[in-house]
Amino acid sequence: MNHLSKLVLATAALSLASPALSTGKMTCDSGPVKTWKSQKQLQQTLKKQGWQVRKSKVDGKCYEVYGTDPQGNRVEAYFHPVTLEKLLVSRRGEVLFKKK
C-alpha cells in the first residue's frame, strides 16, 4: 500500500470516529437509549418553561440545547435524557447554572 492510500484510509477512519466524540463539557450516565425521553419531549417542556430552542442534539450521552433561556440569555444547556433534568447552562463560556 502506498503512502497516499495509507493517508486516505487514516483520514477516513478519523472522520468516521469524530461524530462519536463529545465536547467534554458534560457527560451523562444515561443508560440505554431506549430508556431516554425524546428530544421533542425536552423541547416541549422547555417551551412551556419559556425557553426558545434553536437546536438540540446528543453530546456526551446528554441532550445539548442551543437557544434562549427564560431570562433572554442565548445559551448552551445540557439536560439528562432520561429525567430531562437541567445539568448545565452556559453563555459564552460563563457558567450560569450547574447542578451540584
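## Strands β4 and β5

L88 stands opposite K98 in β5. Strand β4 (residues 86-91) and β5 pair in the antiparallel sense over four bridges; two strands pair if DSSP finds at least two bridges between them. Helices (H or I, at least four residues) and strands (E, at least two) are DSSP runs, numbered from the N terminus.

This is a predicted model, in which local features need pLDDT of at least 70, side-chain atom pairs count only at pLDDT 80 or more, and totals for chains, interfaces and linings use all residues. Residues are numbered from 1 along each chain as its sequence is written, and side-chain values use heavy atoms, with hydrogens and water left out.

## The whole sheet

Let's step back to the sheet. Its five strands form an open sheet in the order β1-β2-β3-β4-β5, with antiparallel pairing. At the edges are β1 and β5 (94-98), each pairing on one side only.

## Aromatic pairs

Now for the rings: the structure holds two aromatic pairs (Phe, Tyr and Trp, the last by its six-membered ring, with centres within 6.5 Å; planes under 30 degrees apart are stacked, over 60 edge-to-face, the rest tilted). The ring centres of W36 and Y63 are 5.7 Å apart and the planes stand at 85 degrees, so this pair is edge-to-face. W36 lies in the loop between α1 (3-17) and α2 (39-48) and Y63 in strand β2 (residues 62-68), so the pair ties together parts 27 residues apart in sequence.

For W51 and F79, the centres are 5.8 Å apart and the planes at 75 degrees, so this pair is edge-to-face. W51 sits in the loop between α2 and β1 (52-59), and F79 in strand β3 (residues 74-79), 28 residues apart.
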